[in-house]
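Here is a short report for a reader new to this structure. Take a look at the model, then read on.

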Amino acid sequence: MSLFSKTSNTVEVTVDGDYSPANFKIKAGEEAHVTFTRTTTNGCTEEIIFNGEKRALPLNTPVTFDFTPTEKGEITYSCGMDMIHGKYTVK
Ligand SMILES: [Cu+2]
């Protein structure tokens with residue numbers, strides 16, 4: 001069973017060519033902290049577009065998005081070139 005199978009608004013995503021976990025769940029109405037850490041120079045994940053915001057992911061440097069999800073549903077995110085994808089579900 002995955003560490004991230006429960007709904008938690010603190011999420012750590014490893015970026016090692018794709019996103020691990022690529023899909024996760026968070027709760028509506030509570031502040032969320034989603035951290036991406038890129039651990040490889042392979043692939044095209046040097047940038048991420050998350051919640052419409054493009055940010056660089058420097059190697060081995062955690063980058064955290066803090067936000068409070070309000071609407072339930074699925075939201076996709078991607079690398080800077082929209083080639084590698086993940087999504088989160090707001091419950
Ligand atoms: Cu890409």
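## A buried arginine

Arg38 is buried, because 24 other C-beta atoms lie within 10 Å. (Buried means 20 or more other C-beta atoms within 10 Å of a residue's own, exposed means 12 or fewer, and partly exposed is in between; C-beta atoms are placed from the backbone.) Arg38 belongs to strand S4. Its contacts include Val15, Thr45, Leu57 and Leu59, leaving aside residues up to four places away in sequence. (A contact needs C-beta atoms, placed from the backbone, within 7 Å.) Thr61 sits 23 residues from Arg38 along the chain, yet their C-alpha atoms are 6.8 Å apart.

## About the model

This is a predicted model: local features need pLDDT of at least 70, side-chain atom pairs count only at pLDDT 80 or more, and totals for chains, interfaces and linings use all residues. Residues are numbered from 1 along each chain as its sequence is written.

(Strands are DSSP runs of E, at least two residues, numbered from the N terminus; two strands pair if DSSP finds at least two bridges between them.)

S4 (residues 32-38) pairs with S7 in the antiparallel sense, over 5 bridges. Phe36 has Val63 in S7 as its bridge partner.

## The sheet of five strands

Another open sheet has 5 strands, ordered S3-S9-S8-S5-S6, with mixed pairing. S3 (23-26) and S6 (53-56) are its edge strands, each with a single partner strand, so one side of each lacks a neighbour in the sheet.

S8 (residues 73-79) and S9 (residues 85-90) run antiparallel, joined by 6 bridges. Gly73 stands opposite Val90 in S9.

Key: Helices (H or I, at least four residues) and strands (E, at least two) are DSSP runs, numbered from the N terminus. Two residues are in contact if their C-beta atoms, placed from the backbone, lie within 7 Å.
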